[in-house]
Every structure is written in C-alpha cells, then in structure tokens.
Amino acid sequence: MAAIRGRADDQQKIYQRWAPVYDRVYRGILSDGHRKLAALAAAAGTDILEVGVGTGLTLGHYPSRCRVTGIDISEHMIARAREKVRRAKLQHVEALEVMDAHALAFADRSFDAVCLPFVITLIPEPERALDECARVLRPGGEIILASKLGDGAGLQGAIEAAVAPLVRHIGWSSAFRIHRILAWAERRGDFSATDIVPVFPNGFFKIVRLKQRGLSA
C-alpha cells in the first residue's frame, strides 16, 4: 500500500506541473480520441461519468443532451476544467469533483457510461478502479477507455518497455498492455469487449469498449 500511495503522490506532482500547459501539449494529438470517446459514450446513454477528466479536453465533445460528471485526483486539473466549463458555458456538465478512481463517491448503478480518457495506464490499481466503474454502471451500460494500449509483441513491444521509465515523467505509461483490460473483463464474467477502435495518430492510441452483459434490474 505504501508503494501505491507513493505512486499516487508522484502522479499528483506530475499533474500539478503539467496542468498549466496540458491543453497546449495534448489538445491536438488527443482530439481524435476525445471526440470518438465522447460519441461512443453518448450512444450508450445520457448519464456519463468521466474518470480522469483532467483539464476537461473531452467535455466540449459531448452532445448537449448528455449529463456529464467528471472526476480527477488532481485539484489543479479540476480547477482548469471548471474554468473551461464556465468559459464555454458547457451546461451539460453537471459536476466536476476531486475524487480517487479507486473509491468513487457515487451510488451503485448511477451512470449509463463510464469513460476513462487516457488515464487507465496511470492509475496505481487499474483493476480496482475498473471494479468501481462497474459498480456505478447501470445494467447494460458501457465502460469506454481511450489510451496508449500495446500488446507487448515484437519490436514495438520492446520499444514500449524500454521507454516506460522516461514517459512516466510526463505522466504517461508505454508499458501497459491491452490484455490486462481484457483479462479483467474475462475474470469478472459480466463484461465483454465489443470493440477496439484505433485512433489518431495511425492507431497509436486505441479505444476499448467494454459492455456489461445482461439487462437485469
């Protein structure tokens, strides 16, 4: 647990350092992923939770009919997201809160879709966070993740492993494997991966859709 707390503290420091310049650095390279992720979430339903909302780069892509709640562990990121919502008058954004993805302060079955935009590789205990996402998801809903997700194979896998310590300093991870998410879904037994969508640039990033099986009340 001490190691996990230490990693969380490291992430807080990274986010504090990057919050002022995050939009300038990432808006262009991540915009395709943000746009597609928001569209898929809106297709799943109107009540949407965004885990790792950051500075709010995805928020403007959701249709106005949606009701979006965003959380992030960094108060510096949330402050910038709130300013963005005020400035752009994004009335579909209902709340932006500082919160730990490992312990979501929402009731069971609160959302139609839970989105994780470019954050799953940075969460200290991703399976625990995904369990929380599943808990607050309504039956038949979707967890939608966008991230750099490799398969660890061949030369690309070797490069990803080699650069992992370097990219960690800018808040990213290159060593996270897509099969870790798929294995989580398989172990639970109530989710299936319905789609893996490559996004700009040239499939470097991917979106994974995990749909909850069954529509029981």
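Modeller: There are three aromatic pairs, counting rings of Phe, Tyr and Trp (its six-membered ring) with centres within 6.5 Å; planes under 30 degrees apart are stacked, over 60 edge-to-face and the rest tilted. This is a predicted model, where local features need pLDDT of at least 70, side-chain atom pairs count only at pLDDT 80 or more, and totals for chains, interfaces and linings use all residues. Residues are numbered from 1 along each chain as its sequence is written, and side-chain values use heavy atoms, leaving out hydrogens and water.

Colleague: How do phenylalanine 118 and phenylalanine 205 pair?

Modeller: Edge-to-face, at 5.1 Å centre to centre with 80° between the planes. Phenylalanine 118 is in the loop between β4 and α4, while phenylalanine 205 is in strand β7, 87 residues apart. Helices (H or I, at least four residues) and strands (E, at least two) are DSSP runs, numbered from the N terminus.

Colleague: Are phenylalanine 118 and phenylalanine 205 buried or exposed?

Modeller: Both are buried, meaning under 20% relative accessible area, with exposed over 50% and partly exposed in between (1.4 Å probe, protein chains only).

Colleague: Now strands. Which sense do β6 and β7 pair in?

Modeller: Antiparallel, over eight bridges; two strands pair if DSSP finds at least two bridges between them. Aspartate 195 stands opposite arginine 209 in β7.

Colleague: And why is β2 largely enclosed by the rest of the structure?

Modeller: Because five of its six residues are buried. Strand β2 pairs in the parallel sense with β1 over five bridges, and with β3 in the parallel sense over five bridges.
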